[in-house]
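I opened my notebook today to look up a few charged side chains.

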Amino acid sequence: MTTQDRLDRMRGVLGAVLVWFAGTLLVLMTFLVLYQVFTRYALGSPVAFTEELVRYALIWTSFVSAAYAFLHRKHMALIVVRDKFGPATRRGLIIGSDVLVLLFAVVVLVVGGTMLAISARNDYSALLGISRGLVYAIAPITGLAITAAQVLNIWEDLTGVPMVAPEGTD
């Protein structure tokens, strides 16, 4: 198995994990909202915990989906300026933006998110009674996923070999 095959497999596995996690969270949110509507309008007694749980699931889904978008280069990008340059400059801009995203993921999400999660570990949510550190732990987790995605993207930028996820992995 070549290095390229290993990197392709890593991208595929990471993508599959992210898709599965985000999809599970979306299904969970859907059922929680339906349950909330049912208890509010059919039973006349709404269940309060669902609002907080849906809010946390939405935050987690956003982070996980962002990691997936960076992994497959599906994030928003302003290509109007980049496309005005020649191939060499364009390649440099792509590598530069990938390095900036990598630095952001490491410094803000991994380091900052870890510090936030640790500092909030003794702060508990009002309705669920769970540690907010647990809620905030998604930042460093997805920061690691974005870091891995950007390392793969930068490798692709430097080698010129596009990575393709193995069939059926995401």
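Is Arg 73 buried, partly exposed or exposed? I looked it up in this predicted model: Arg 73 comes out as partly exposed, with 29% relative accessibility.

Next I checked the partner of Arg 73. I found a salt bridge between the side chains of Arg 73 and Asp 98, at 3.2 Å from N to O. The two residues sit in distant parts of the chain, 25 residues apart. Arg 73 belongs to the loop between helix 2 (49–71) and helix 3 (79–82), while Asp 98 is in helix 4.

Then I turned to Asp 98 itself. Helix 4, where I found Asp 98, covers residues 87–119. I noted a relative accessible area of 4% for Asp 98, and since buried means under 20%, Asp 98 counts as buried. Leaving aside residues up to four places away in sequence, I listed what Asp 98 touches: Arg 73, Gln 150, Asn 153, Ile 154 and Asp 157.

How many salt bridges are there by this rule? I got a count of 8.

I also followed Asp 83. Its side chain meets that of Arg 82 in a salt bridge, 3.6 Å from N to O. Asp 83 forms a salt bridge with Arg 90 too, with the closest N and O atoms 3.9 Å apart.

Arg 82 is partly exposed at 26%, and Arg 90 is partly exposed at 27%.

Note on methods: Residues numbered from 1 in each chain as written. Predicted model: local features only at pLDDT ≥ 70, side-chain atom pairs only at ≥ 80, totals over all residues. Heavy atoms only, no water. Helix = DSSP H or I, 4+ residues; strand = E, 2+ residues; numbered from the N terminus. Buried < 20%, exposed > 50% of the residue type's maximum accessible area, 1.4 Å probe, protein only. Contact = heavy atoms within 4.5 Å. Salt bridge = Lys/Arg side-chain N within 4 Å of Asp/Glu carboxyl O.
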